[in-house]
Amino acid sequence: MPTVPDIQHARRQTWGMYLFVLGISAAGLYSAALFRFPLLSIYARPIQNLDKLTGSSPGTGLIMAGCALLLFVAYGLGARLVRRVPARMRFLLIAFPVLFAAILFWTYPVTSIDIYDYLFRGRMLVRFHANTFVMAPINFADDQLFSYVAWRRAVTAYGPIWEWMSWIAASLAGEAPRAAATAGQAGLLPLMLAYKAMATTGFLLCGGALWLALRHVAPEQRWLGLYLWLWNPLALWETVAAGHNDAWMALLIVLALWAYAWTRDDAASTRQIVGWSLVGLLALTIGGLIKYLAFCFGPLLLLATLRRLPTWQTRAGFVALAGLACGGLVVAAYVPFWVGMDTLRNFSDRGTLFTATWLAALQALLVGPLGKEASQHLAASLGLSLFAAGIFWSSIRAWLQPNDMSKHVLGLLLWFLFVCSPWFQPWYLLWALAVVALRPQDTHAVRTVAVFCCTALLSYAAGSFLLPALGWDGRSAAWNALVSCFIYGPPLLMLILNRPKHGAALRLAARTPRMLGARRSKRTAS
């Protein structure tokens, strides 16, 4: 007669087999994407996207949407199995994402051709010694790869550290200063593979950082947190297939939160708080020098650190030290590109972009009475004001509850994505996904972000298949309102209707100042 341990072992084996089946099924769906959009057959054809490659066929759109839904269903089921899988089968949690990445690496980035802009600007940096902060691809229209670029009159949208990373990728792909023009198109595939490899590396490194951080913060949750990142269909597609650089910014946010977590212990000394918090702020600074949004989390970490320091003199010293270190890093990164205030042109150039948000719908409504320029300025200013208010409120929360930094960062990210951003792209969800993977015990947040990732991925099908079927203008208020409801509606309902009870959290917030004061008094007395 089987004993209780034998029955439990058999059940765990069964859960492991279920996870194996889910992994094989997901690999099959990713293989279907590779078969339909093979990189090696498409990459040399300029400006190919989902609309052109499918003819916006409704049948193809339904199939693709169905496959995306199946991937997220498998992802959700797998998340319920992670804790039940036997220890000796946990290698599947890493082995399958490696398999998924190997498949998607050779899949054409059909949903976005940003990777061509990346590689062309990397080529500009290495081959022509161009300053990508003030020079646009149009300045090199004679280059053989110019026809592949979509954003031809735009300077780089990123920070100087990303430009250095781009220089490295282009150099490794074989680009050289003043290389012969005849080598032009022959270098396209090595460049594309180099940038895909860099994005994939960022994706895997972020997974590793999540694992290490959770091993310190919540070791019993580390496998689930790793799964939430490595198995997420949106994260896999946007990094490995599409080659977006957002995983690198997400990596630096995770590293910053991990560094700060070393000071959560009440026994942490002032020196430890100062040291690890400075490391966290430097990580955020590096992240901001890749994509500027990471800078916005600096005030949260700074105020939380100041709250935990014992005296105002110590706090003033830390502000001076952090300002010198982070400011020096920013200056050092910008010096090779600096040509005056024109170097910051990429901030203003992005102020006129609106799509798939309520702000985009508002801007389209206001074009008639106000004109294009005034409507854009009003909508952009409104979004910026709301984001500034969100930073202010999140900073207050960080001051009141300095031990829950990942919660405050996640809240600010969701505020930005739901309310403040005038220009939405699905890969922006990677930022929130990385942070929520640090909080796998927060089931409510995990489900909200997972649903948000699903609707974001499905928005590609909406834009490429539903929009042509309706015959609407993609810049119209009606379309932006409709697609906004599609993208944000389900996760907002998840966020609002399944909201956990906050009574305990509010009581904790009220007690936190007194608790911290008492602990600080004890440390001072000792």
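This is a predicted model: local features need pLDDT of at least 70, side-chain atom pairs count only at pLDDT 80 or more; totals for chains, interfaces and linings use all residues.

I began with terms. On a 1 Å grid over the protein atoms alone, I take a cavity as a set of points where a 1.4 Å probe fits but cannot get out, and a lining residue as one with an atom within 4 Å of a point. Grid points are joined across faces, edges and corners, and a volume is the space filled by probe spheres set on the points.

Residues are numbered from 1 along each chain as its sequence is written, and side-chain values use heavy atoms, with hydrogens and water left out.

**Cavities**

I searched the whole structure and found 3 cavities of 30 Å³ or more. Helices here are DSSP runs (H or I, at least four residues), numbered from the N terminus.

**Aromatic rings**

Rings of Phe, Tyr and Trp (its six-membered ring) pair if their centres lie within 6.5 Å; planes under 30 degrees apart are stacked, over 60 edge-to-face, and the rest tilted. The whole structure has 37 aromatic pairs. I looked at Phe96 and Trp231. Their ring centres are 5.7 Å apart and their planes at 65 degrees, so I logged the pair as edge-to-face. Phe96 lies in helix H5 (residues 92-104) and Trp231 in the loop between helix H9 (222-230) and helix H10 (233-241), so the pair ties together parts 135 residues apart in sequence. Phe96 is buried at a relative accessible area of 5%; Trp231 is buried, also at 5%. Buried means under 20% relative accessible area, exposed over 50%, partly exposed in between (1.4 Å probe, protein chains only).

Next came Phe424 and Phe452. Their centres are 6.2 Å apart with planes at 0 degrees, so this pair is stacked. Both Phe424 and Phe452 are buried. Ring pairs also join them into a cluster with Phe387, Phe416, Phe418, Trp427, Tyr428, Trp431 and Tyr488.

I checked charges over rings as well (NZ of Lys or CZ of Arg within 6 Å of the ring centre and within 35 degrees of the ring normal). Lys196 lies over the face of Phe105, 5.8 Å from the ring centre. Arg315 has its charged end over the ring of Trp312, 4.4 Å from its centre.

**Buried spots**

In H19, 9 of the 9 residues are buried, so the helix is largely enclosed by the rest of the structure. Trp431 is one of them.

Ser166 lies in helix H7 (residues 160-172). I read 1% relative accessible area, so Ser166 is buried. Beyond its neighbours within four places in sequence, Ser166 is in contact (heavy atoms within 4.5 Å) with Tyr118, Arg121, Gly122, Leu125 and Tyr195.

Last, Leu309. I placed Leu309 in the loop between helix H13 (298-308) and helix H14 (312-334). Leu309 is buried at 0% relative accessibility. The C-alpha atoms of Leu309 and Ser269 are 9.2 Å apart, across 40 residues of chain.

Key
On a 1 Å grid over the protein atoms alone, a cavity is a set of points where a 1.4 Å probe fits but cannot get out, and a pocket is an open set with protein on both sides within 12 Å along at least five of seven lines; lining residues have an atom within 4 Å of a point. Helices (H or I, at least four residues) and strands (E, at least two) are DSSP runs, numbered from the N terminus.
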